[in-house]
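Reader: I have a model open and a few things to ask about it. Can we go through it piece by piece?

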Amino acid sequence: MNKLILALGLGMALACMAAPASAQEKSADQQRIAELENQLKIVEGIKSTAGNRGFALYFGGAFGAGLVILGAGAGIGKIGSSAVESMSRQPEAAGNIQTAMIISAALIEGATFFGLIVCMLFNK
């Protein structure tokens with residue numbers, strides 16, 4: 001066991017002494033190549049960040065459009081179910097209830113189209 005520790009210690013000491021001796025200065029061409037590689041990495045990082053931001057915008061627009069459609073469907077469904085229930089309770093008022101239902105559904109649909117257009121605009 002002591003021999004193993006001694007061998008590892010000598011190997012580490014030799015590695016530490018050899019490192020400064022192997023360092024060499026870079027030529028002007030090598031330095032320029034290293035600078036250009038660093039600049040290329042920076043540009044690639046910016047492109048990947050912009051790509052991720054674009055994905056987030058597209059995902060946000062699609063998610064918003066889905067929420068708008070779900071909300072409109074739930075709202076129009078609630079209006080329809082309430083109108084049918086009201087018509088069954090008071091058949092003599094069915095015409096007025098139907099008119100109010102159609103107007104309310106049209107207003108919800110208009111707001112839905114506006115929300116979808118806003119979601120599509122932010123995807124560009």
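Reader: Is arginine 32 buried, partly exposed or exposed?
Author: Arginine 32 counts as partly exposed, because its relative accessibility is 43%. Bear in mind that this is a predicted model.

Reader: Which side chain does arginine 32 meet in a salt bridge?
Author: That of glutamate 35, with 3.5 Å from N to O. Glutamate 35 is partly exposed too, at a relative accessible area of 41%.

Reader: Why are arginine 32 and glutamate 35 about one helical turn apart?
Author: Because both are in helix H2 and three residues separate them. In general, side chains of opposite charge can pair when their charged atoms come close.

Reader: How many salt bridges does the structure hold?
Author: Two. Besides the one between glutamate 35 and arginine 32, glutamate 85 forms one with arginine 89. There the closest N and O atoms are 3.0 Å apart.

Reader: What is the spacing of glutamate 85 and arginine 89 along helix H2?
Author: They are four residues apart, so about one helical turn separates them.

Reader: And how open are glutamate 85 and arginine 89?
Author: Glutamate 85 is partly exposed, with a relative accessible area of 42%. Arginine 89 has 64%, above the 50% cut-off, so it is exposed.

Reader: Switching topic. What is the overall fold made of?
Author: Three helices and zero strands. Along the sequence the pattern reads α-α-α. Helix H1 covers residues 2–22, helix H2 residues 28–89, and helix H3 residues 94–121.

Reader: Where is the confidence lowest, and where is it highest?
Author: Helix H1 is lowest, at a mean pLDDT of 62, and helix H3 is highest, at 92. The protein averages a pLDDT of 80, and 72% of the residues score at least 70.

Reader: How much of the protein counts as buried?
Author: 9% of its 124 residues. The accessible surface is about 10,100 Å², and carbon and sulfur atoms account for 69% of it.

Reader: Which residues make the nonpolar surface patch?
Author: Phe55, Phe59, Phe63, Leu67 and Leu70, together about 600 Å². Leucine 70 lies in helix H2 and is exposed, with a relative accessible area of 63%. Phenylalanine 59 is exposed as well, at 51%.

Reader: That 51% for phenylalanine 59: why does it count as exposed?
Author: Because exposed means over 50% relative accessible area, and phenylalanine 59 has 51%.

Reader: How many aromatic pairs does a search of the whole structure find?
Author: One. The rings of phenylalanine 59 and phenylalanine 63 have centres 6.1 Å apart and planes at 20°, so the pair is stacked.

Reader: Why stacked, at that angle?
Author: Planes under 30 degrees apart count as stacked, and these two rings are at 20°. Along helix H2, phenylalanine 59 and phenylalanine 63 are four residues apart, so about one helical turn lies between them.

Reader: Now helix H3. Is threonine 112 buried or exposed?
Author: Threonine 112, which is in helix H3, counts as buried because its relative accessibility is 10%, and buried means under 20%.

Reader: What is threonine 112 in contact with, leaving aside its neighbours within four places in sequence?
Author: Val68, Ile69 and Ala72. Those residues fall within the 28–89 span of helix H2.

Reader: Which residue is lysine 78 set against in the C-alpha separations?
Author: Alanine 105, 27 residues away along the chain, with a C-alpha separation of 9.9 Å. Lysine 78 lies in helix H2 and, at 56% relative accessibility, counts as exposed.

Notes:
Residues numbered from 1 in each chain as written. Heavy atoms only, no water. Patch = residues over 30% accessible without salt bridge, like charges linked within 9 Å, V, L, I, M, F, W, Y side chains within 5 Å. Areas by Shrake-Rupley, 256 points an atom, 1.4 Å probe, with all protein chains shown as cover. Salt bridge = Lys/Arg side-chain N within 4 Å of Asp/Glu carboxyl O. Helix = DSSP H or I, 4+ residues; strand = E, 2+ residues; numbered from the N terminus. Buried < 20%, exposed > 50% of the residue type's maximum accessible area, 1.4 Å probe, protein only. pLDDT = per-residue confidence, 0-100. Phe/Tyr/Trp six-rings, centres within 6.5 Å; stacked < 30°, edge-to-face > 60°. Contact = heavy atoms within 4.5 Å.
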